Amino acid sequence: MTAIGDLGFAAVRFVTDLGGLAHFAAQIGRAALAPPLRVRLFLDELFKLGVLSLVIICVCGLAVGMVLSLQGYNTLVRFGAEQSLGAVVGLSLIRELGPVLTALLATGRAGSATTAEIGTMVATEQLDALRMMSVDPIDLVATPRALAMTAVMPLLSALFIVCGLFGGYLVGVGLMGVDAGSYMSSLESAVDFHDDVLGSLLKALIFGVLVGLVATYRGHTTVPTSAGVAAATTSTVVVASVSILVFDYFITALWGV
Amino acid sequence: MSRAPVRDLLVGLFVLAGLGAVAYLSFSVGGLSYGGPPRMPLYADFDEIGGLKPRAQVVISGVKVGQIGSIRLDQGYRARIQLDVDAALKLPIDTSASIMTAGLLGDRYVSLQVGGDNKLLQPGDQITMTESAVLLERVIGKLIYSGADRGKNQ
């Protein structure tokens, strides 16, 4: 009996959470469109979420491209098709690995920090202080962060992909001796702007919205204790990562990117 | 909120780098057409194009001079291919086009054999002499049947 009760409680909590998230998203949308537009705060967040994530994104992109090229070469060479290495590396990076890995990295690097920051503000009653001064904390604290995450994700993803292509080129052409011309021409003839590049950017944008929303929502709904901040941060990483991977499947299934 | 010159500069550089990456993926890798060298469209009909795809290469003596624009079926149920080749090329009207394969199982591409006529192909003209793709499975099929026939005759 208690097990069924637990299940019911979990279901109700899940739906409540989902509704809270949707309501929160609507509030952010309204705050983003209504003046005052917090341009300065937005730029601040661009710096924190974007510029400071740059190194990790580039290093990971390079490493992923290199290992992809190595694995791809070892498989393709069995079929004598190593000329298609560029297409394999390019399509995997652009369609799948670029947006997904960038979103996962950004969740770990920037999403968790955002939740911890807002969560600490909740625990130290800073958001209540804002409400006292009749300043809407969603407008001042959550909106710039969520918007910056959305704006930053396609850019980071594109940089990740370019670093990955470079890494793949280094290993494929430099190390394994694939012809440079056939690497680039198979890459360029396989990748299509409308089918692949636009889809990749769309994916990254959706992941950006997702991570930005989850991170700020979890921060806002933090239980105001130190354990609460820890739990909220963990929850951001778990929920955002899982939903990125689940959404990835559905975006691919629906739009074929 | 005051201006922070160093941070603003870094954010600006980050945004520029990101947009540069998007542009590289779109134009160079994704093949989104932009100004570039001017191209002229030529048309060619084939009975069989094998696995030829849009954006495949068009070469002369192995040097890339353009790419396949579109592939569709014409009224006579032949494949009508649009070739976008470098407009600076002066191609005689008796130039012929054939569909080749890179390696045994590689990508299909179109190779142009330049003719010797004095008249030149104009944009939108049709290349009349074409050689269709050789389908490996048909060649193998013919080999097998001819081998079987020879076996019967003996």
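Domain bounds here come from an automatic or database domain assignment. For chain B, that assignment gives domain 1 (1–36) and domain 2 (39–136). How far apart do the C-alpha centres of domain 1 of chain B and domain 2 of chain B lie? They are 37 Å apart.

Before we go on, a word about what you're looking at. This is a predicted model, where local features need pLDDT of at least 70, side-chain atom pairs count only at pLDDT 80 or more, and totals for chains, interfaces and linings use all residues. Residues are numbered from 1 along each chain as its sequence is written, while chains are lettered from A and ligands numbered from 1 in the order in which they are written.

Now turn to chain A. You'll find nine helices and zero strands there (helices are DSSP runs of H or I, at least four residues, strands are runs of E, at least two, and both are numbered from the N terminus). The C-alpha atoms of chain A fill a box of roughly 70 × 55 × 30 Å along the principal axes.

Pick out helix 4 (residues 85–123) and helix 6 (residues 137–175) of chain A: their axes come within 7 Å and cross at roughly 145°. Those axes are lines fitted to C-alpha atoms over the stretch in contact, with angles running from 0 to 180 degrees between N-to-C directions.

Finally, see where the chains meet. Here 24 residues of chain B are in contact with 27 residues of chain A, contact being C-beta atoms, placed from the backbone, within 7 Å. Helix 1 (residues 5–29) of chain B gives the most to chain B's side, with 14 residues.

Terms used:
Contact = placed C-beta atoms within 7 Å.
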